[in-house]
Amino acid sequence: MQVTLPARLYGCPDAWLRERTAVFGRAWLFLGHEAEATAPGDWIATDIAGHRLLVVRGKDGVLRAFHNVCRHRAGPLAQGAAGHCDGELVCAYHGWRYALDGRLRAATGFGSVDGFDPRDFGLLGVRLETWRGLAFVNLDPEAAPLAAHVGPLETLLAERGLEIAAPALRRSHDLACDWKVYVENYLEGYHIGAVHPALAGELGAAEYRVRVEGDLVVQEAVGVNDGPQAGVWGWLWPNLGINVYRDGAMIERMTPVGPGRTRLDYLFLNDGGANALREALAASDRLTAEDVRICEAVQANLLAGAYDTGVLSARHEAAVAWFQSRLAEVHA
């Protein structure tokens, strides 16, 4: 019998710090689609588990990733989710200027200081690799290549002839729950009948299957292959949903922003036209609202003190058990 993680790990500052380092400090983290930064000076920025990250297109056309932190006194270089800079990154605090390849170009107004060599104060680089147009970074220089991480997903999409379309728009939602609560909700279809009545009606008598392959969880509703739910739901460790449908796709990053707080970052990818995108947005808004309500209620109950551990269904919650087992090793 698989027992759940203890309630104390959901929203605990100590657990958050451990996961920030042991999970998000070692995993491949999705930042955005390379088509969101096509011209030199285009950038994408985000924070994931407190890691403030930046991807910028260089004058040579190369995408590079850095910590979004000035080497002077930790000011931000980019503010917002995406933008453009004219040939250099400028710290918003004291105006230090960096070339797009990370070199310190000018310590603006800094003056003469013994032992100060600008060559020693370039931006702190981060490993970056792309797959099917999606840009990932990894803070661990010893991590296996991205191709090994996404291998099972690549095989799945190739077998189905599914593509990842161009980006259409971004949306974000803030949740008052721990990131693990939302991920666990995503990894099972057990709750669909109670939480998502419209979706349950669309799926009808379809068989809902979940399987784990390497770092990938695959979810499929078998029996609706010609309907609006056609496609496949893939979830990559530690926090990325890639939902590929007949007319497009949606990338869903479950972004931890602090103990007991999560941000859902959605990137909608569409090649089915305006009507298909409208339908995708409407369905997403409905499903997200339903998931937010139940996940925030679960978080409140985890903190209420009555519940410690529960039990997982071998029939429905095998992926949840796999996810919790990996986290149990982090907190052992």
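In what order do the strands of the open sheet of seven strands stand, and in what sense do they pair? The order is 1-10-9-4-3-2-5, and the pairing is antiparallel. Strands here are DSSP runs of E with at least two residues and helices are runs of H or I with at least four, numbered from the N terminus; two strands pair if DSSP finds at least two bridges between them. The structure is a predicted model, in which local features need pLDDT of at least 70 and side-chain atom pairs count only at pLDDT 80 or more, while totals for chains, interfaces and linings use all residues. Residues are numbered from 1 along each chain as its sequence is written, and side-chain values use heavy atoms, with hydrogens and water left out.

Axes are lines fitted to C-alpha atoms, for helices over the stretch in contact, and angles run from 0 to 180 degrees between N-to-C directions. Five bridges connect strand 9 (residues 125-131) with strand 10 (residues 134-138) in the antiparallel sense, and tryptophan 131 has leucine 134 of strand 10 as its bridge partner. Helix 2 (residues 146-160) lies across strand 9 and strand 10, at about 20° to strand 9.

An open sheet of three strands has the order 6-7-8, also with antiparallel pairing. Strand 6 (88-90) and strand 8 (104-106) are its edge strands, each pairing on one side only. Strand 6 is joined to strand 7 (residues 97-99) by three bridges, and the bridge partner of valine 90 in strand 7 is arginine 97.

Helix 6 (residues 273-303) has 31 residues and reaches 44 Å from its first C-alpha to its last, close to the 45 Å expected at 1.5 Å a residue; the expected span is 1.5 Å times one less than the number of residues. Its buried residues include Ala276, Leu277, Leu281 and Ser284, where buried means under 20% relative accessible area, exposed over 50% and partly exposed in between (1.4 Å probe, protein chains only). The buried residues of helix 6 pack against elements including strand 11 (167-175), strand 16 (248-258) and strand 17 (261-270). Serine 284 counts as buried at 9% relative accessibility. Not counting residues up to four places away in sequence, serine 284 touches Met250, Tyr266 and Phe268, contact meaning heavy atoms within 4.5 Å. Tyrosine 266 and phenylalanine 268 are both buried.

Rings of Phe, Tyr and Trp (its six-membered ring) pair if their centres lie within 6.5 Å; planes under 30 degrees apart count as stacked, over 60 as edge-to-face and the rest as tilted. By this rule the count comes to 13 aromatic pairs. The rings of tryptophan 96 and phenylalanine 110 have centres 5.3 Å apart and planes at 80°, so this pair is edge-to-face. Tryptophan 96 lies in the loop between strand 6 and strand 7 and phenylalanine 110 in the loop between strand 8 and strand 9, 14 residues apart. Tryptophan 96 is buried, with a relative accessible area of 2%, whereas phenylalanine 110 is partly exposed, at 31%. Tyrosine 266 and phenylalanine 268 form an edge-to-face pair, 6.0 Å centre to centre with 90° between the planes.
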